[in-house]
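Open the model in your viewer and keep the selection tool at hand. Each stop below says what to pick and what you will find.

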Amino acid sequence: MFRNNYDNDAITFSPQGRIFQIEYASEAVKQGSVTVGLCSKTHVVLVALKRNAEDLSSYQKKIIGVDNHLGLSLAGLASDARVLSNFMKRQALASKMTYGRPIPIERIVDQIGDRAQTNTQNYSNRPYGVGLLVAGVDDTGPHLFEFQPSGMTQEMVACAIGARSQMARTYLERNLDSFEGCGREDLVTHGLKALKESLNQDRELTIENASVGVVGVSDGGKGGKRKLEGFKLYDGEEMAPLLERALAGEGLKAQGEGQGESMDIS
């Protein structure tokens with residue numbers, strides 16, 4: 001993938017108007033294990049496939065809680081995601097201390113987008129090699145945003161990023177009309193089914209290699225005030241009932257395969 005004089009840094013355009021370092025960073029996202037996000041009127045769900053680099057290692061964390069109303073999932077370099085998630089935690093805390101309220105989702109996503117875009121304007125920096133799905137709830141309702149290494153962010157109804165994510169996106173596009181009215185459990189079921197579509201035929205979703213994050217608001221009824229359902233991460237044994245419901249009749253395995261290419265790519 002050598003591009004002569006135009007891929008030595010992240011600030012030089014090629015004659016075709018491309019910045020190759022950003023494209024290389026996007027390749028790191030494509031090599032990470034798949035993660036899926038879905039949004040309805042009341043909830044946002046993140047579903048992720050975890051990897052372990054070898055049999056002796058643990059599975060890497062793919063979903064990170066940022067605040068009570070906010071969380072993210074990642075595909076790409078886990079170390080870069082850790083830096084961005086720590087930045088988001090600081091911004092969320094600063095909003096509570098300064099304004100006495102949770103930070104709006106669009107604002108914090110714009111902040112990490114600006115931070116990533118700045119790296120394309122300094123010779124000594126490199127783009128973040130990670131893609132994020134950011135899920136949260138604020139005064140305007142549930143939101144799902146996609147973050148890309150270029151600094152571009154966009155709000156989504158449903159999204160999948162990572163290796164073999166096209167299979168998951170096909171499932172999401174096929175069922176897109178049904179997401180808006182889904183409740184918490186139905187949205188999780190759709191997410192796990194979309195995740196399963198991206199797997200190789202010799203792999204299964206298990207309690208070890210899958211994780212789910214959910215945040216939303218309860219339905220307050222007519223004129224009732226909606227209550228925040230804080231960000232909840234399901235991992236390990238907590239995944240068993242979710243997998244049972246989503247994959248009923250397809251058979252579940254107690255153990256699974258989740259090996260990846262390296263410890264850094266998640």
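Predicted model: local features only at pLDDT ≥ 70, side-chain atom pairs only at ≥ 80, totals over all residues.

Select Asp235 to begin. Asp235 and Lys50 form a salt bridge, with the closest N and O atoms 2.6 Å apart. This pair links distant parts of the chain, 185 residues apart. Asp235 sits in the loop between strand S10 (228–234) and helix H7 (239–246). Lys50 sits in the loop between strand S2 (43–49) and strand S3 (63–67).

How many salt bridges does the structure hold? The count is nine. Side chains of opposite charge can pair when their charged atoms come close.

Go next to Lys96 and Asp67. Their salt bridge has its closest N and O atoms 2.9 Å apart. Lys96 lies in helix H2 (residues 78–99) and Asp67 in strand S3, so the bridge ties together parts 29 residues apart in sequence. Lys96 is partly exposed, at 37% relative accessible area. Asp67 is buried, at 16%.

Then pick Glu185, Asp186 and Arg245. Salt bridges with shared partners join these residues into one network.

Move to helix H1 (residues 20–31), where both Lys30 and Glu27 lie. They are three residues apart, about one turn of the helix. Their side chains meet in a salt bridge at 3.5 Å, N to O. Buried or exposed: which describes Lys30? Lys30 is exposed, because its relative accessible area of 51% is over 50%. Glu27 is partly exposed, at 30%.

**Two helix pairs**

Two packed helices are described by the angle between their axes and the distance between the axes.

Select helix H4 (residues 165–174) and helix H6 (residues 184–197). They pack at an angle of about 140°, with axes 7 Å apart. That angle makes H4 oblique to H6. The crossing of H4 past H6 is right-handed. Show the side chains at the contact. From H4 come Met167, Ala168, Tyr171 and Leu172. From H6 come His190, Lys193, Ala194 and Glu197. By class, the residues of this contact divide into five nonpolar, one polar and two charged.

H2 passes H3 in a right-handed crossing. On the H2 side, the contact is made by Val83, Leu84, Phe87, Met88, Gln91 and Ala92. On the H3 side, it is made by Ile108, Gln111, Ile112 and Arg115. Seven of the contact residues are nonpolar, two polar and one charged.

**Last stop: Leu133**

Select Leu133 in strand S5 (residues 130–138). Leu133 is buried, with a relative accessibility of 0%. Which residues touch Leu133, leaving aside its neighbours within four places in sequence? Among them are Thr35, Val36 and Gly37. Leu46 is another contact, and so are Gly71, Leu72 and Ser73. Leu144, Phe145 and Glu146 also touch Leu133, as do Cys159 and Ile161.

Finally, draw a distance from Leu133 to Glu155, C-alpha to C-alpha. The two are 9.6 Å apart in space and 22 residues apart in sequence.

How values were computed:
Residues numbered from 1 in each chain as written. Heavy atoms only, no water. Salt bridge = Lys/Arg side-chain N within 4 Å of Asp/Glu carboxyl O. Helix = DSSP H or I, 4+ residues; strand = E, 2+ residues; numbered from the N terminus. Buried < 20%, exposed > 50% of the residue type's maximum accessible area, 1.4 Å probe, protein only. Axes fitted to C-alpha atoms, helices over the stretch in contact; angles between N-to-C directions. Parallel < 35°, antiparallel > 145°, perpendicular 65-115°, else oblique. Left-handed = near helix turned anticlockwise from the far one by under 90°. Contact = heavy atoms within 4.5 Å. Nonpolar A, V, L, I, M, F, W, Y, C, P; charged D, E, K, R; others polar.
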